[in-house]
Amino acid sequence: DQESAKYVSDFHRTGCTNNAPDTLAWWKSQDDAVVWADMYKYCTLVRDGGANERQRSVCCGATFCNPTCSLLTPAQQIAGDCEDAHERLVATFQESGCINTKPTALEHWKKAPEVAWADMYDYCMQTRLGLADVRQRSECCGHNTLCIPVACSMPTAWTCRQAKVTSPGAIVAKKEFSWWYYRSPDV
């Protein structure tokens, strides 16, 4: 499932190589900071030679591993398998329906995924319904751009797609032009 894949990905980025650790159920019941500390502990025990057989198995699986360990932080968790957290935040924002490739709320969105996703969705809906103020519209559409998102969706996970328009598109008008056009997802 997608939730298990997130934990396995985080475990790999911590330094361990096991694709099916038997700790997934416990990790799913804990806060991220607790999980990352636990993953890091498995990794450092193996790296430093202090792991017992079970700890080594959790980290390495059935094979030998000599990990280089990293304690994950919220920004690293957001980045996931992306180049960086910025790429993931922008791509997820665009998945919500907005087209801006340079949103300014990035630091705010690093705090809690559910809050960030609701905020991204709100920017899209306010803009789509014509209720957005200038700042909200600029955040959704980009600087000096007016747009009407064709569809808005509430993100439920971070995405790693390259920063490009991945939403169904938007009707867009640049302030310097007097005409409207439809920007497709392939742009």
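Biologist: Let's start with the overall layout: how many helices and strands does the protein chain have?

Modeller: Happy to, and please keep in mind that this is a predicted model. Along the sequence the pattern reads α-α-α-α-α-α-α-α-α-β-β-β. The count for the protein chain is therefore nine helices and three strands.

Biologist: What share of the residues in the protein chain is buried?

Modeller: A residue counts as buried when its relative accessible area is under 20%. The protein chain has 187 residues, and the buried share of them is 43%.

Biologist: Among contacts between residues at least 6 apart in sequence, what percentage join residues at least 24 apart?

Modeller: Here a contact means heavy atoms within 4.5 Å. Taking the contacts in the protein chain between residues at least 6 apart in sequence, those that join residues at least 24 apart make up 58%.

Biologist: Now to α8: how far apart are its end C-alpha atoms, and what span should we expect?

Modeller: Helix α8 covers residues 113-128, which is 16 residues. The expected span is 1.5 Å times one less than the number of residues. For α8 that comes to 22 Å, and the distance between its end C-alpha atoms agrees, at 22 Å.

Biologist: Which elements cover the buried residues of α8?

Modeller: The buried residues of α8 are A116, W117, D119, M120, Y123, C124, M125 and T127. Their cover includes α6 (85-96), α7 (106-109), α9 (134-141) and β1 (145-149).

Biologist: What is the angle between α6 and α8, and are they oblique or perpendicular?

Modeller: The axes of α6 and α8 are 9 Å apart, and their crossing is right-handed. Angles of 65 to 115 degrees count as roughly perpendicular. The angle between α6 and α8 is about 45°, so the pair is oblique.

Biologist: Which residues of α6 meet α8?

Modeller: On the α8 side, the contact involves W117, M120, Y121, Y123 and C124. By class, the contact of α6 with α8 has seven nonpolar, two polar and no charged residues. The α6 side consists of L89, T92, F93 and S96.

Biologist: Is S96 buried or exposed?

Modeller: S96 lies in helix α6. Beyond its neighbours within four places in sequence, S96 is in contact with M120, Y121, C124, A151, C152, S153 and P155. With a relative accessible area of 0%, S96 is buried.

Biologist: How do α8 and α9 sit relative to each other, parallel or perpendicular?

Modeller: Their axes come within 9 Å and cross at roughly 110°. The crossing is left-handed. Given that angle, α8 and α9 are therefore roughly perpendicular.

Biologist: What classes of residue make up the contact of α8 with α9?

Modeller: From α8 come Y123, C124, Q126 and T127, and from α9 come R135, Q136, R137, E139, C140 and C141. Sorted by class, this contact of α8 with α9 has four nonpolar, three polar and three charged residues.

Biologist: Is Q136 buried or exposed?

Modeller: Q136 is found in helix α9. Leaving aside neighbours within four places in sequence, Q136 is in contact with Y123, Q126, T127 and L131. Its relative accessible area is 15%, so Q136 is buried.

Biologist: And how far apart in space are D122 and Q136?

Modeller: D122 is found in helix α8, and its relative accessible area of 34% makes D122 partly exposed. D122 and Q136 are 14 residues apart in sequence. From C-alpha to C-alpha, the distance between D122 and Q136 is 9.1 Å.

Biologist: Last one: how are α3 and α4 oriented, parallel or perpendicular?

Modeller: Helix α3 (residues 32-47) and helix α4 (residues 53-60) pack with their axes 9 Å apart, at an angle of about 115°. That angle makes α3 and α4 roughly perpendicular.

Key. Residues are numbered from 1 along each chain as its sequence is written. This is a predicted model: local features need pLDDT of at least 70, side-chain atom pairs count only at pLDDT 80 or more; totals for chains, interfaces and linings use all residues. Side-chain values use heavy atoms; hydrogens and water are left out. Helices (H or I, at least four residues) and strands (E, at least two) are DSSP runs, numbered from the N terminus. Buried means under 20% relative accessible area, exposed over 50%, partly exposed in between (1.4 Å probe, protein chains only). Axes are lines fitted to C-alpha atoms, for helices over the stretch in contact, and angles run from 0 to 180 degrees between N-to-C directions. Angles under 35 degrees count as roughly parallel, over 145 as roughly antiparallel, 65 to 115 as roughly perpendicular and the rest as oblique. A crossing is left-handed if the near helix is turned anticlockwise from the far one by less than a right angle, and right-handed if clockwise. Ala, Val, Leu, Ile, Met, Phe, Trp, Tyr, Cys and Pro count as nonpolar, Asp, Glu, Lys and Arg as charged, and the others, Gly among them, as polar.
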